[in-house]
Amino acid sequence: MFFFAALLKSRVNSTKTYISFLSALFLLVLPVTLMGQAVLTGTVNKNTVGVGEQFQLTYTLNGNGRNFQSPDLKDFVVLGGPSQSTQVQIVNGSYSQSLSFTYFLQAKAEGSFKIGFASIETDGKRIQSNGIILNVVKGNAAQNQQGQKNNTTQESGGVTDKNIFLRAEINKSSVYQGEAVTVTFKLYTNVNIINYTVSKAPSMNGFWSQDIELPEQLQLSNATVDGINYKVGVLKKVVLFPQQNGTLYIDPMELECIARVQVKGRGGFSNDPFFNDPFFGFNSARDVKVAFKSNKLLVNVKPLPEGAPAGFNGSVGQLSFDATIDKSTTNANEPVSLKLKISGSGNIKLVEPPALEFPGDIESYDPKTNDNLKVSESGVSGSKTIEYLLIPRHEGSYELPPVTFSYFDLAKKQYISKTAGPFKLKVGKGSGSGESSVITSVNKSDFQLLGKDIRYIKINDQEFISASGGFYNSAGFYCLIVVPFAAFFGLLWYRNHVRTINSDVVSLKSRKATDAARKKLSIAQKHMNAGEKSAFFEEVSKALWGFVGDKLAIPPSDLSRDNLTAILQQKNVGDETINSLLQTIDQCEMARFGGASNADTSAVYQQALQSIVTLEQSLKG
């Protein structure tokens with residue numbers, strides 16, 4: 001009582017606050033009378049809604065339970081859910097827990113609808129919720145009746161485009177054909193995001209693109225837009241080179257994310273500062289699935305000026321050019337290397353090797369190219385080396401023709417041509433060159449060796465060996481003939497057998513799911529030993545999601561907690577195994593996106609490994 005007297009003295013300054021205080025005291029005392037009685041309560045955030053309007057349906061259990069069964073929601077469009085959240089409170093040493101399941105629904109037609117009973121298992125028995133009556137009126141009449149002033153057309157589960165939005169930015173909107181432009185896709189948010197997925201990549205027709213490398217973890221910074229503070233992260237940054245002139249468009253990027261938002265206190269005290277105090281546990285969080293997309297960008301591409309020099313192949317930028325041969329003197333049939341080097345900044349990646357003509361006695365091969373480029377916000381810079389291999393076939397003096405490289409200089413707004421060469425090449429006689437030779441002398445010893453070519457015929461009796469007792473026509477002889485053919489057909493059968501097995505991609509992934517998960521966990525263990533927590537939790541999350549996806553043949557687009565739970569229950573996997581797996585995934589997601597870096601990495605690693613082993617055994621059983 002001394003505690004409440006102190007609160008009364010500090011916070012009760014008006015009759016209204018005094019009433020709120022007494023109500024809070026009543027709510028704190030009430031659970032004592034209901035202790036041990038589990039109740040599943042269904043509520044909606046508004047009892048009258050308009051056709052097409054979104055509303056929220058929540059079922060709350062004052063305890064812990066499992067195997068939640070949803071009511072029949074066929075009269076409504078299910079936009080999201082059920083999203084599950086758990087709230088734990090410790091007040092004066094007294095522990096309490098509540099479990100909530102939230103749906104985001106949309107009314108389809110006018111009328112009065114009854115939302116049926118939901119049920120859940122708790123303390124060894126199944127209990128039911130209350131029923132709910134919902135009135136659906138035409139249009140937005142429900143909003144007018146309730147005096148709502150905010151516009152909810154952009155809202156999804158309480159999250160609007162003022163909370164999260166995606167913006168595409170371009171460094172310049174008018175360029176020449178072949179000139180680089182940089183596009184950046186930024187995510188702005190003032191709510192917690194625990195996961196996001198790019199549902200549709202931006203289409204960039206008419207451009208050649210080169211991604212700028214970004215950190216694996218989303219780096220957030222602060223920004224203010226229209227007086228609202230946001231956290232900003234760069235999702236994608238790309239350098240584009242337009243390949244045609246005219247008006248080109250960069251289509252929007254589409255994104256789906258899970259936002260964790262705070263729910264105001266229940267019981268009508270959401271605006272009372274006393275009851276919104278987190279000490280009393282009236283605030284909770286829920287996960288909301290939000291889909292949105294960026295703005296569409298327009299780029300005006302100007303054609304390059306007329307009067308391009310002969311041999312111009314579309315190179316644009318600020319470039320330099322040089323050509324060299326590795327030697328000016330060689331022998332016939334020995335290779336010579338002619339190297340062209342283009343350096344600077346621009347569309348170097350797109351530069352094609354020029355077509356060069358060499359003297360007929362010099363054989364040339366297709367050029368080999370090597371790029372040493374760096375991609376940054378300012379564009380692409382570095383160098384491209386083009387190497388021609390030349391082989392002169394006869395001795396003599398040759399002249400390699402000059403090489404000309406032309407490009408459009410963006411700074412000077414004009415065409416530039418640079419020439420290197422010609423190159424002198426002196427070729428001497430080489431070995432095996434096919435040149436005629438004349439015998440000038442013969443040594444006496446050469447004639448003496450001829451005497452060894454004539455041998456006398458021996459006339460004595462000789463001993464001959466019968467051919468019938470040799471290896472020819474023996475069993476071993478025929479085995480050596482048959483074995484290669486048998487081995488060939490055996491290998492052919494084995495190859496077809498392996499191809500048949502590997503053609504079943506689903507079964508192949510299922511068989512290799514455990515090995516793939518263990519490899520990812522070994523990588524996670526290395527990050528754990530190095531103290532890299534963020535990378536550790538990311539690898540563990542990938543290992544678990546990848547394992548269940550491959551093992552159960554669930555496409556990545558259908559991977560969710562609800563689908564996973566339903567499929568595992570259909571396969572008679574125990575609830576304890578399912579809950580352990582989902583708990584480990586939740587810990588990883590919270591550590592990655594919610595900043596919960598104090599999690600015990602060693603315990604998470606062991607729990608993830610145990611979840612994979614247990615689930616593997618359950619599915620085999």
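The side chains of D211 and K236 meet in a salt bridge, with 3.1 Å from N to O. The model is predicted, and the structure holds 12 salt bridges.

**Helix 7 with helix 8**

- Helix 7 spans residues 533–552 and helix 8 spans residues 561–570; their axes come within 12 Å and cross at roughly 50°.
- That angle makes helix 7 oblique to helix 8, because angles of 65 to 115 degrees are needed for roughly perpendicular and angles under 35 degrees for roughly parallel.
- The crossing of helix 7 and helix 8 is left-handed.
- On the helix 7 side the contact uses W545, V548 and L552, and on the helix 8 side R561, L564, I567 and L568.
- By class, the residues of this contact are six nonpolar, no polar and one charged.

**Helix 7 with helix 10**

- The axes of helix 7 and helix 10 (residues 601–620) come within 11 Å and cross at roughly 5°.
- Helix 7 and helix 10 are therefore roughly parallel to each other.
- Helix 7 contributes K533, F536, F537, V540, L544, F547, V548, K551 and L552 to this contact.
- Helix 10 contributes T601, V604, Y605, A608, I612, L615, E616 and L619.
- The contact of helix 7 with helix 10 has 13 nonpolar, one polar and three charged residues.
- V548 and L552 of helix 7 meet residues of helix 8, and V548 and L552 are also listed in the contact with helix 10.

**Open sheet with order 2-10-7**

- Three strands form this open sheet in the order 2-10-7, and the pairing is mixed.
- Strand 2 (48–50) and strand 7 (111–115) are the edge strands, and each pairs on one side only.
- From one strand to the next, the twist averages 30°.
- Strand 7 and strand 10 (residues 132–137) run antiparallel and are joined by five bridges.
- F113 stands opposite L134, which is in strand 10.

**Open sheet with order 4-8-9**

- This open sheet also has three strands, in the order 4-8-9, and its pairing is antiparallel.
- Its edge strands are strand 4 (66–69) and strand 9, each of which pairs on one side only.
- On average, and with direction ignored, neighbouring strands of this sheet are turned by 25° against each other.
- Two bridges pair strand 4 with strand 8 in the antiparallel sense.
- R66 stands opposite E121 in strand 8.

**Backbone features in loops**

- Most residues other than glycine have a negative phi, and most peptide bonds are trans.
- D123 is not a glycine, yet D123 has a positive phi of about 55°.
- G421 and P422 are joined by a cis peptide bond, with omega at about 5°.
- P422 is found in the loop that runs between strand 30 (414–420) and strand 31 (423–428).

Note on methods:
Residues numbered from 1 in each chain as written. Predicted model: local features only at pLDDT ≥ 70, side-chain atom pairs only at ≥ 80, totals over all residues. Heavy atoms only, no water. Axes fitted to C-alpha atoms, helices over the stretch in contact; angles between N-to-C directions. Helix = DSSP H or I, 4+ residues; strand = E, 2+ residues; numbered from the N terminus. Parallel < 35°, antiparallel > 145°, perpendicular 65-115°, else oblique. Left-handed = near helix turned anticlockwise from the far one by under 90°. Contact = heavy atoms within 4.5 Å. Nonpolar A, V, L, I, M, F, W, Y, C, P; charged D, E, K, R; others polar. Pairing = 2+ DSSP bridges. Salt bridge = Lys/Arg side-chain N within 4 Å of Asp/Glu carboxyl O.
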